Amino acid sequence: MTTAPIYEARNISKNYGSVVALQDVSLHVGAGEVLGLVGDNGAGKSTLVKVLSGVHAPEAGQLLLEGVVRQWDSPHDALELGVETLYQDAGLAPHLSVSANVFLGREVVKPGLLGKLGFLAQKDMDTRAHEGLERVGIAVPASKRSVTQLSGGQRQAVAIGRAVSWARKVLILDEPTNHLGARQAAEVLVAIRAAKAKGLGVILISHTLPHVLEVTDRIVVMRLGKVVADAPTSEFSADSLVKTITGVLDARSGG
Amino acid sequence: MDQTALLFLVLVAMVVVFTVINPIFFSSAVFANILQDWGPIVLMATAQTLVIVSGGIDLSVGAALGLSGVVSALAMRELTASGQSAWSAMLLGVLVAGAVGLAVGLVNGVLINRVKLVPFIATLCTMGAALGLSLVLTGGTPVAGGPAGSIQFSSKTYLGMFTVPIIVVTVIVVAAGLYLHKTRFGRWTYAIGSNQFAARGAGINVESHLYKIYALSGLLSGLAGMFVYLRLGSGSASSGVGQELSAIAAAVIGGTSLLGGVGRLAGTVIGAFIITGVLSGLIIIGVQANWQRVVIAALIAVAVGAQGLSNESLRAK
């Protein structure tokens, strides 16, 4: 792929106190490309996600969105500019309804004076949440139901549908198929392809290597806070990917 | 059945029981008195509901009531001594009481957001500090000498039981209910109490929202302080002591979950009626007044226990 990157991290370093979490990490994703980010526990994937999504500021390095250097002061900044993140196991507010979750932080208010006072256009959001989830291929539970009443798979589906339907440029998914059954995981992969077709740059973090091999265009492997491989998915087999992650097979140059 | 309707039935049953034991209970004089007790309690319980729904707790509401009552009493005394009219003194009283309450709430916000104390400890500190400060300011004696006629103004009833302050309180509570249940502010309050991390991830500025919630809680408690001043004609450091217990009880009886994310203001309003009704009823049927806090504590235990049981039966389904 030779498309210009839509989102790029250059030489990112991040420490927690004296612990080095990320060391000189660079990666990029193109529009309409699905990038797999894999690595063992403690490799630094989650920290990298938090830097990419604006939760943490890096100590060194740059983030470039569409070629422009950006600095996120909060996740809100990244969201505003079209970088949407689905965090591992933390996506939804369980006591709120499906549509309230889909619109969380982006509530639609009534027109006119009531809207200025912050009054919500609830019916409008219920309808649009349903349509939005359906469009990305998520089997939708009723908009008004409380998330507490949904199964684990349904909750994850709502969280992913929410992220896909809001993302305008980049979609970061941290372990989206965790704890899911085979059929629900397949739905997630469908949603990822929908996001790719929509022209988003997708970064998929996952331990489920068959999913990564199935849905990604390119894979970045991290180990101990560094990028140790960055190559098209076609160059990996299940076996060579595991070996690269564990360090048995060292530093692929990418073909 | 709808939980609010169930609570209403409990309230009605309570009225029936007290009336059967002593028919005097069912009179507009007793109801007017219950309403006067209800006013400050429902203001603090409304504040408490906002805070508890957001996943916190505010133990300082009673002490904020006391401090704002005392400070506004001092301000009104000064203004009255300088020969100003009763109306301007009362207006100043409302402003000062609200400002003092707001200040207590902002201190809570700073302790929670900046010093990173959990709400329980943060508000426990401000509770102690506010009570101590009101004792320092007054030496423990009630502050009178405010505008003449304030008691007459605040106790004049319409339709046998409604006073001007009660009407104002009702308007405030209705507005707070709309704010909590119909607006973005309310939605974010529930989201933060339900899953703070999800709220953050959705781009909500949790810190700034918590500032607003605790400030609002302080403001409402300050107004409760003015309410009590108008009723008694003096401000006293001790007037809020123990009241946080009643406010938390009203919210919890009304169905607000101490775990956050769950609660309806209509429930809190009825909860406040149940609390104040029980306290008046016990006195009318001859129970010694010193039992009051024991009864409130027992009501909290019963309400929280019932919530736990209903959660378990939901899960069992």
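In the predicted model, Lys116(B) is found in the loop between helix H4 (86-113) and helix H5 (119-138) of chain B. Although Lys116(B) is not a glycine, its phi is positive, at about 60 degrees. Lys116(B) has 8 C-beta neighbours inside 10 Å and therefore counts as exposed, the limit for this class being 12 or fewer. A positive phi also occurs in chain A, at Leu224(A), again a residue other than glycine, with a value near 50 degrees. Leu224(A) lies in the loop between strand E9 (218-223) and strand E10 (226-232) of chain A. Because Leu224(A) has 14 C-beta neighbours inside 10 Å, it counts as partly exposed.

Chain B contains 13 helices and 0 strands, so that its radius of gyration may be considered next: the value is 19 Å, close to the 20 Å given by the globule rule for 317 residues, and chain B is therefore as compact as a globular protein of that length. The C-alpha trace of chain B spans about 65 × 55 × 30 Å along its principal axes. Of the 317 residues of chain B, 51% count as buried. Among the contacts in chain B with a separation of 6 or more, 80% are accounted for by residues 24 or more positions apart.

One helix pair of chain B was examined in detail. The axes of helix H7 (residues 164-182) and helix H12 (residues 265-284) of chain B come within 9 Å and cross at roughly 145 degrees. On the H7(B) side, Val173(B), Ala176(B), Gly177(B), Leu180(B) and His181(B) take part, and they meet Leu265(B), Ala266(B) and Val269(B) in H12(B). The residues of this contact comprise 6 nonpolar and 2 polar, with no charged residue.

The largest nonpolar core has 165 residues, and those with the most contacts inside it are Leu171(A), Val202(A), Leu204(A), Met44(B), Ala191(B) and Ile275(B). Helix H2 (residues 28-53) of chain B supplies the largest share of this core, 14 residues. In soluble globular proteins, nonpolar side chains tend to be buried together. Apart from neighbours within four places in sequence, Leu204(A) is in contact with Val34(A), Leu35(A), Gly36(A), Leu37(A), Leu173(A), Ile192(A), Val212(A), Val215(A) and Thr216(A).

As to confidence, the pLDDT of chain B averages 93, and 97% of the residues score at least 70. The model scores ipTM 0.85 and pTM 0.88.

Methods:
Residues are numbered from 1 along each chain as its sequence is written. Chains are lettered from A and ligands numbered from 1 in the order in which they are written. A nonpolar core is a set of buried Ala, Val, Leu, Ile, Met, Phe, Trp, Tyr and Cys residues joined through C-beta atoms within 7 Å. A residue is buried if 20 or more other C-beta atoms lie within 10 Å of its own, exposed if 12 or fewer, and partly exposed in between; C-beta atoms are placed from the backbone. Helices (H or I, at least four residues) and strands (E, at least two) are DSSP runs, numbered from the N terminus. Two residues are in contact if their C-beta atoms, placed from the backbone, lie within 7 Å. The radius of gyration is taken over C-alpha atoms; the globule rule is 2.2 Å times the number of residues to the power 0.38. Axes are lines fitted to C-alpha atoms, for helices over the stretch in contact, and angles run from 0 to 180 degrees between N-to-C directions. Ala, Val, Leu, Ile, Met, Phe, Trp, Tyr, Cys and Pro count as nonpolar, Asp, Glu, Lys and Arg as charged, and the others, Gly among them, as polar. pLDDT is the predictor's confidence in each residue, from 0 to 100.
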